[in-house]
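Thanks for making the time this morning.

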Amino acid sequence: MSAEPRLLANAIRALAMDAVQAANSGHPGMPMGMADVATVLFTEYLKYDPQAPHWHDRDRFVLSAGHGSMLIYALLHLTGYEKPTMEDIRNFRQLNSPCAGHPENFMLPGVEATTGPLGQGFAMAVGMAIAERHLSAVFGDDLVDHRTWALAGDGCLMEGINHEAVGLAGHLKLGRLNVLWDNNKITIDGSTDLSTSEDVLARYRASGWHTVSCDGHDFADIRRAIDEALADPRPSLIDCHTIIGYGAPNKQGTAATHGAALGHDEVAAARDELSWEHDPFDLPGDVVDAWREAGRRGADEHGQWRSRLSASSQGQEFLRRMERRLPEGFSLDGYLSDLIANPQKVATRKASELTLGAINDALPETIGGSADLTGSNNTKTKATRPLTAADYSGRYVYYGIREFGMAAAMNGMALHGGVIPYGGTFLVFSDYCRPAIRLSALQNVRVVYVMTHDSIGLGEDGPTHQPVEHVMSLRMIPNLAVYRPADAVETAECWALSLERQDGPSMLCLTRQNLPQLRTEAGENLSARGAYRLRAAKAARKVVLLATGSEVETAVATADALEAWGVGADVVSMPCWSLFDAQDAAYRADILGGGDALRVSIEAGTTLGWARYTGLDGVNIGLDRFGASAPAEDLFKRFGFTAEAILPQIVAALSQGDQ
């Protein structure tokens with residue numbers, strides 16, 4: 001390269017401070033502080049090809065410190081990616097610009113993960129490293145031989161999820177994972193001395209990591225540290241001592257550069273300090289040429305990889321998995337036919353395990369796991385031996401008590417491609433996972449959450465473990481398909497839908513207690529409609545009973561009691577609200593009974609939200625309080641989830657309607 005590395009790094013600094021200044025919004029400090037480290041990485045070490053941003057064997061780079069998004073936008077533009085253009089960068093943080101305030105994987109090729117919520121990018125990088133090692137073990141180094149890099153700030157290392165991710169990565173000895181720590185000792189509030197005094201490097205070493213420190217503004221020292229990390233078989237934390245806002249003479253090294261534009265005077269002063277004599281968004285030709293040359297470094301290696309792929313007997317299978325295509329002819333129809341022929345009275349968590357037995361035998365790309373609740377979540381099958389540091393070809397991860405870390409790692413695995421991750425915990429502990437579940441939905445990734453013990457039906461563990469508000473609150477997350485199946489057949493149908501879904505995550509909310517199989521006839525996947533008429537009224541219909549999960553059984557018993565009174569009642573099973581909402585108006589009106597029937601919802605959780613289906617004049621049977629510690633049967637009686645308790649409420653509502 002004809003241009004000096006410092007000049008290349010200053011191009012990043014100039015773009016960062018100019019874009020943030022133009023938007024009058026953003027975080028210039030981190031990109032300016034880490035520009036030297038990023039320049040070394042992207043010009044000398046990172047394996048990538050801007051002309052083929054989805055090359056399956058590229059290195060993955062995750063900007064965990066996503067607030068410094070102008071760093072990745074500058075790097076993508078400088079190295080020759082089609083996007084972002086300079087016009088995109090000029091419109092940083094503006095409507096319709098792909099240069100969003102925080103990096104979004106669905107906006108720009110080259111942005112591997114949506115980051116910004118601190119710590120999650122780091123944990124997703126751990127998931128990517130797991131996927132890389134697994135696929136390398138299955139397909140060999142000829143097809144899969146790349147590294148995962150993450151750039152993390154002080155905040156990423158303080159977040160609780162960091163401890164979970166670090167422990168998992170160290171335990172699995174993910175030596176292809178390298179984390180560049182922007183150790184600038186500044187947070188929004190000021191010096192890190194205000195809030196922390198831990199020995200970060202000692203913590204990492206205790207977790208099985210290699211650590212090395214360097215001067216983040218000395219190019220030779222940066223190379224030395226990276227070379228040392230690459231030579232070590234453990235995951236590495238590269239401690240880069242940097243000055244936040246480097247080059248801004250009056251504000252560098254202070255919190256003033258962290259989350260606000262520098263101001264016109266300081267931008268001008270930084271230009272003088274950096275000897276950058278160019279107008280905003282104007283880059284000198286020799287700098288652009290040098291950066292584009294660096295971006296072409298990976299083209300030959302990419303071509304060699306393509307040749308190996310074409311020659312490989314496993315090439316087509318590898319591509320199928322990486323392209324997220326299910327095997328041709330994959331179906332659970334045979335398993336469902338067997339269920340119809342041999343009905344199962346089991347908990348839906350057990351029904352899920354049985355379904356997974358069929359799935360994991362047919363889909364070699366599934367990787368399961370649990371946050372230390374394998375025997376309760378029923379997530380392991382005979383086909384899934386453990387994925388360990390000694391055997392990365394395994395298909396089951398023992399995540400330990402790391403719910404948040406598990407969920408974020410699964411996001412990273414799904415983003416990497418080639419695997420379909422699923423993981424389990426108790427539904428009440430979805431609260432620990434929730435930020436990562438939200439990012440699953442935002443990133444449009446196929447992750448399956450197996451959440452068991454879904455109501456007061458779990459019994460004696462009591463209200464600390466009994467979900468009440470959880471199902472409803474999870475339904476509020478856009479693009480998350482929340483399933484609460486009523487029996488073994490619906491469970492299998494919901495699994496099929498989760499696997500077929502390419503553009504978002506799914507969650508199965510499953511019971512601890514046994515449920516009868518209510519579906520006994522073969523046919524279409526009725527759960528795909530979100531809600532369907534399980535049983536039509538025998539007498540003239542006056543009531544439509546809407547229920548999910550274990551309460552569908554209660555709805556059937558209630559319908560029987562109403563019919564004995566001469567009151568016709570439809571029973572509607574409603575496993576997935578969002579799928580039902582996506583049906584056409586005619587179908588929804590038919591299922592809900594139009595306006596001539598009393599609608600009654602039955603769900604062992606909060607009633608908030610059900611009025612959208614029952615109307616204000618409907619009846620909502622639910623639980624708007626915490627549960628209690630007792631056997632499940634006693635709790636359902638205590639809180640009124642029996643036909644005997646529900647019938648009088650419906651009769652009273654019908655009588656009031658007749659007045």
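How many of the 19 residues of helix 1 are buried? Before I answer, please keep in mind that this is a predicted model, in which local features need pLDDT of at least 70 and side-chain atom pairs count only at pLDDT 80 or more, while totals for chains, interfaces and linings use all residues. Residues are numbered from 1 along each chain as its sequence is written, and side-chain values use heavy atoms, with hydrogens and water left out.

The answer is 15 of the 19, so helix 1 is largely enclosed by the rest of the structure; buried here means under 20% relative accessible area, exposed means over 50%, and partly exposed is in between, with a 1.4 Å probe and protein chains only. Helices (H or I, at least four residues) and strands (E, at least two) are DSSP runs, numbered from the N terminus. Helix 1 covers residues 5-23 and reaches 28 Å from its first C-alpha to its last, close to the 27 Å expected, where the expected span is 1.5 Å times one less than the number of residues. Asn24 follows helix 1, and its phi is positive, near 55 degrees.

Let me turn to helix 19. This helix, residues 430-443, has 14 residues and reaches 18 Å from its first C-alpha to its last, close to the expected 20 Å. Helix 19 bends by about 35 degrees at Ala436, the bend being the angle between axes fitted to the seven residues ending there and the seven starting there. Ala436 is also one of the buried residues of helix 19, which include Cys433, Ile437 and Leu439. What covers the buried residues, by contact (heavy atoms within 4.5 Å), includes helix 6 (120-139), helix 18 (403-416) and strand 11 (420-426). Just after helix 19, Asn444 takes a positive phi of about 60 degrees.

Next, the surface. Met107 lies in the loop between helix 5 (86-90) and helix 6, and Met107 is partly exposed, with a relative accessible area of 32%.

Finally, the charged pairs. Side chains of opposite charge can pair when their charged atoms come close. The structure holds 34 salt bridges, each being a side-chain nitrogen of Lys or Arg within 4 Å of a carboxyl oxygen of Asp or Glu. In one of them, Glu317 and Arg321 meet at 2.9 Å, N to O; because these residues are four apart in helix 14 (residues 315-322), they are separated by about one helical turn. Arg321 is buried at 10% relative accessible area, whereas Glu317 counts as partly exposed at 28%. In another, Arg203 and Glu198 meet at 3.0 Å, N to O, with Arg203 buried at 15% and Glu198 partly exposed at 35%.

A further salt bridge joins Asp581 and Arg612, whose closest N and O atoms are 3.3 Å apart. This pair links distant parts of the chain, with Asp581 in helix 23 (residues 577-581) and Arg612 in helix 25 (residues 611-614), 31 residues apart. Asp581 counts as partly exposed at 31%, and Arg612 as exposed at 55%. Elsewhere, salt bridges that share partners join Asp454, Arg475, Arg484, Glu551 and Glu603 into one network.
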